[in-house]
Amino acid sequence: MTPDDWRPTGSLEHLRQRAKMLSTIRLFFDELDVLEVETPLLCHGIGTDPQLAFFSTEFCFYPNPETLYLQTSPEFAMKRLLAADYGSIYQICKAFRNGESGRFHNPEFTLLEWYRVGFDLLHLMAEIDRLIQVIAKPFRTLKQTHTVHYQEIFRNYTGLDPLTFSACVYREFAERAGLPEAVSICENDHALWLDFLFSHCVQPHLGGNRLCMVYGFPACQSSLARLNADNSAITDRVEIFIDGVELGNGFYELCNDGEQEARFDKEIEFRARNGLPPVDKDQRFLRALEFGLPDCSGMAIGLDRLLMVMTGAESIEQVLAFPVDRT
Amino acid sequence: MATFSTNEFKAGLKVMLDGDPAAIIENEFVKPGKGQAFNRVKIRNLKTGRVIERTFKSGESLEGADVVDIEMQYLYNDGQFRHFMVPDTFEQYQADEKAVGDAGLWLKDQDMCTVTLWNDVPLSMMPANFVELAITETDPGVRGDTSGGGGKPAVLETGAVVRVPLFVQTGEVIKVDTRTGEYVSRVKEQ
């Protein structure tokens, strides 16, 4: 505590720019007739993703108190709206991720998430590009968008094939690249190797003064995307970057409830094996998938980071009124 | 000694890395939206002074290092070791040339300096930012030169060699910035 820490860390100018960005986004989707929705931040169900730590809290509802979770993303609730046939929707909301704090992270952050019924991944990517250009306009001029396949960009910067894992080839590269610690961190975990090498050797080069969209991730990094219809080794997932900063993820959404449940089971099993807090599968979400999710694509963008790259802020706290350590 | 997890890696924290004491300089949390969290850490090996970058899986921990900086007075050089004293406690320490390093160029008897102790043994040291030392040898000056463009080398009483303006003479005391090894000014006789 210091005498001055009641003050906001975000300047008035940055908060004005935030307000402007939010109204630009709302206008963009209103014109496309995409409905703005709100779904609960406080939920019974939570994602199984072992890489996302959540906050839980007690709902004191005598005589049956319950544990509720702060959402890590509005994905499940929004997909239930889609399954109920509410059409294309978007949401600007808070999401919460425990243990995340740093220059680019605050445990509570603002997310834009939208779903487009009838869109495949390429359709969605075209819309992402339009939206980012509209948002960027009052802030900075971006060069033409760079769209690239994951396998190609990974190969460009590492010489490795991300789809074929060879522990000794990956190890050799890490040692050559001055990252010998990767060997003990990643061991024989292909997905972990990809996370490590992508974030250290590829990501810093992506989207220099332009939007970069990387699509076609290896299948082991599917998350909630469906596998590519022509090549099951890759998944219909896109990740976007500006100035080397990751801004968001999008999927051609997995609709198959059986496959979704199998992915949940795998993650639950991973949690148990690694001593992470156990979670239950979100049954209402699975029932919605079983009922039928329309063919759709969805995207989530972290708006605090987007505002950072738009304004050139060095740290997330410059674009937040109060980061977690000032609350 | 306590252990510290990646979240506690603040600048200045002293930890053990690969058997050597090291100081954290910078710690960046790196986390893909969908993927493993890492901490990319810039860290200085306190034995060699080398700065390296090392990535940790978030949540990993390192053992703390018992490293402290103490102001001491330089006493004398016995040929093998240099001897220092903590003025408040009169506690004495001896340091070998490896621990003294380049600081030795600027150490004059009775001067104060900062000694870094690791497990109570001198590991490295920093001289004061400015020291005043007498010139033991330099070429005779050129009459009329007062600005010192170009300059000439001068040997100081500690053995260090610095460039000084042409008008500065053997026997004079000069002030030197130890961070750059550059001449600052002449020191007037008290």
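A salt bridge here is a side-chain nitrogen of Lys or Arg within 4 Å of a carboxyl oxygen of Asp or Glu. This is a predicted model, where local features need pLDDT of at least 70 and side-chain atom pairs count only at pLDDT 80 or more, while totals for chains, interfaces and linings use all residues. Residues are numbered from 1 along each chain as its sequence is written, chains are lettered from A and ligands numbered from 1 in the order in which they are written, and side-chain values use heavy atoms, with hydrogens and water left out.

By that salt-bridge rule there are 3 between chain A and chain B. One pair is A:Arg103 with B:Glu28, with 2.8 Å between the closest N and O atoms. Over all chains the count comes to 26 salt bridges.

Now the interface itself. Taking contact as heavy atoms within 4.5 Å, 24 residues of chain A touch 17 residues of chain B. Buried area is the accessible area, with a 1.4 Å probe, that two parts lose on being put together, summed over both. On that basis the two chains, A and B, bury about 1,800 Å² between them, and 53% of it is on carbon and sulfur atoms. On the chain A side, A:Gln51, A:Glu181 and A:Ile185 lose the most area to chain B, together 24% of what that side buries.

For polar contacts, the rule is a pair of N or O atoms within 3.5 Å; within protein, one must be able to donate a hydrogen and the other to accept it, and residues adjacent in sequence count only if both atoms are side-chain atoms. Between chain A and chain B, 7 residue pairs are in polar contact, both residues at pLDDT 80 or more.

Which elements of chain A supply that side? Helices (H or I, at least four residues) and strands (E, at least two) are DSSP runs, numbered from the N terminus. Helix 6 (181–186), helix 7 (190–202) and strand 10 (245–252) of chain A each supply at least two residues of the side that touches chain B. The largest share, 5 residues, comes from helix 7 of chain A. By type, the residues on that side are 7 nonpolar, 9 polar and 8 charged.

Next, the sheets. Two strands pair if DSSP finds at least two bridges between them. Chain A has an open sheet of 8 strands, in the order 1-5-6-11-10-9-8-7, with mixed pairing. Its edge strands are strand 1 (35–36) and strand 7 (143–149) of chain A, each pairing on one side only. Strand 7 runs parallel to strand 8 (residues 210–218) of chain A, and 5 bridges join them. Within that pair, A:His146 stands opposite A:Cys212 of strand 8.

Elsewhere in chain A, A:Lys94 forms a salt bridge with A:Glu108, the closest N and O atoms being 2.7 Å apart. A:Lys94 lies in strand 5 (residues 89–96) and A:Glu108 in strand 6 (residues 108–117) of chain A, so the pair ties together parts that are 14 residues apart in sequence.

Chain B has an open sheet of 5 strands in the order 14-13-12-15-16, and the pairing is antiparallel. Strand 14 (161–164) and strand 16 (182–187) of chain B are the edges. Strand 12 (residues 130–138) and strand 15 (residues 173–177) of chain B are joined by 5 bridges; B:Leu133 has B:Ile174 as its bridge partner in strand 15. On strand 16, B:Arg186 stands opposite B:Ile174. Strands 15 and 16 of chain B form a hairpin with 4 residues between them, and B:Gly181 in the turn has a positive phi of about 70°.

Two backbone details to finish. A cis peptide bond joins A:Tyr62 and A:Pro63, with omega about 0°; A:Pro63 is in the loop between strand 3 (55–59) and strand 4 (66–70) of chain A. A:Glu187, a residue other than glycine, has a positive phi near 45°, and lies in the loop between helix 6 and helix 7 of chain A.

Conventions
Nonpolar A, V, L, I, M, F, W, Y, C, P; charged D, E, K, R; others polar.
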